[in-house]
Amino acid sequence: MIFVNLPVADIGRSRIFYEGLGFTLNPQFTDDNTLCVVISDAIYLMVMTRERFAEFSPKPVADV
C-alpha cells in the first residue's frame, strides 16, 4: 500500500477538488483536519492541514 501525505492550506477546498475529480474519501480516516482520498485499492492520499501535517514532519512545512 502507498500513502502519500500532502499539506494543504484549506481542507474544505481540497475536499471539493478531489471529490469534483470523482475520487471518494475513506470516512474512517477523514476528519476536520485530514482527508483520506482513495486513488485505488492500494494508493491513498492523506491530505492534511498544515498543522496536522507538522505533527508527522520533523522539519517545518514550507509556505509555498
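I began at the start of helix 1. There a side-chain oxygen of Asp-10 comes to within 3.0 Å of the backbone nitrogen of Gly-12. This is a predicted model, so I checked confidence next.

**Confidence**

I looked up the pLDDT. The chain averages 93, and 98% of the residues score at least 70. Strand 3 has the highest confidence, at a mean of 98. Helix 2 (residues 50-54) has the lowest, at 91.

**Overall layout**

I listed the elements. The chain holds two helices and four strands. Read from the N terminus, the order is β-α-β-β-β-α.

I then took the overall dimensions. The C-alpha trace spans about 30 × 25 × 20 Å along its principal axes. The radius of gyration is 11 Å; a compact globule of 64 residues would have one near 11 Å, so the chain agrees with that expectation.

Buried residues account for 28% of the 64 residues.

I also checked how far contacts reach along the sequence. Of the contacts between residues at least 6 apart, 39% join residues at least 24 apart.

**Helix 1**

I went back to helix 1, residues 11-20. Which of its residues are buried? I found Ile-11, Ser-14 and Tyr-18. Viewed down the helix axis, the buried residues fall within an arc of 55°, so they line one face of helix 1. The general rule is that an α-helix has 3.6 residues a turn, so residues three or four places apart point the same way.

On the other side of helix 1, I noted Arg-13, Ile-16 and Gly-20 as exposed.

What do the buried residues of helix 1 pack against? I traced them to strand 1 (2-8), strand 3 (34-38) and strand 4 (43-49).

Just after helix 1, I noted a positive phi of about 100° at Gly-22.

**Ile-11**

I picked Ile-11 from helix 1. Its relative accessibility is 15%, so Ile-11 counts as buried. I set aside neighbours within four places in sequence and listed the contacts of Ile-11. They are Asp-32, Asn-33, Thr-34, Leu-35, Val-47, Met-48 and Thr-49.

I also took a C-alpha distance. Ile-11 and Asp-31 lie 9.6 Å apart in space and 20 residues apart in sequence.

**Pro-7**

I moved to Pro-7, which sits in strand 1. Is Pro-7 exposed, partly exposed or buried? I read a relative accessible area of 31%, so Pro-7 is partly exposed.

Not counting residues up to four places away in sequence, Pro-7 touches Met-48, Arg-50, Phe-53 and Val-61. Met-48 is also in contact with Ile-11.

I checked Pro-7 against Glu-51, which is 44 residues away along the chain. Their C-alpha atoms are separated by 8.4 Å.

**Thr-30**

My last stop was Thr-30, in the loop between strand 2 (24-25) and strand 3. Its relative accessible area is 19%, and buried means under 20%, so Thr-30 counts as buried.

Where does the side chain of Thr-30 reach? I found the backbone oxygen of Asn-26 at 2.8 Å.

Beyond residues up to four places away in sequence, Thr-30 touches Arg-15, Leu-25, Leu-35 and Cys-36.

Technical notes. Residues numbered from 1 in each chain as written. Predicted model: local features only at pLDDT ≥ 70, side-chain atom pairs only at ≥ 80, totals over all residues. Heavy atoms only, no water. Buried < 20%, exposed > 50% of the residue type's maximum accessible area, 1.4 Å probe, protein only. Arc of directions from axis to C-beta. Contact = heavy atoms within 4.5 Å. Polar contact = N/O pair within 3.5 Å; in protein donor to acceptor, adjacent residues only side chain to side chain. pLDDT = per-residue confidence, 0-100. Rg over C-alpha atoms; globule rule 2.2 N^0.38 Å.
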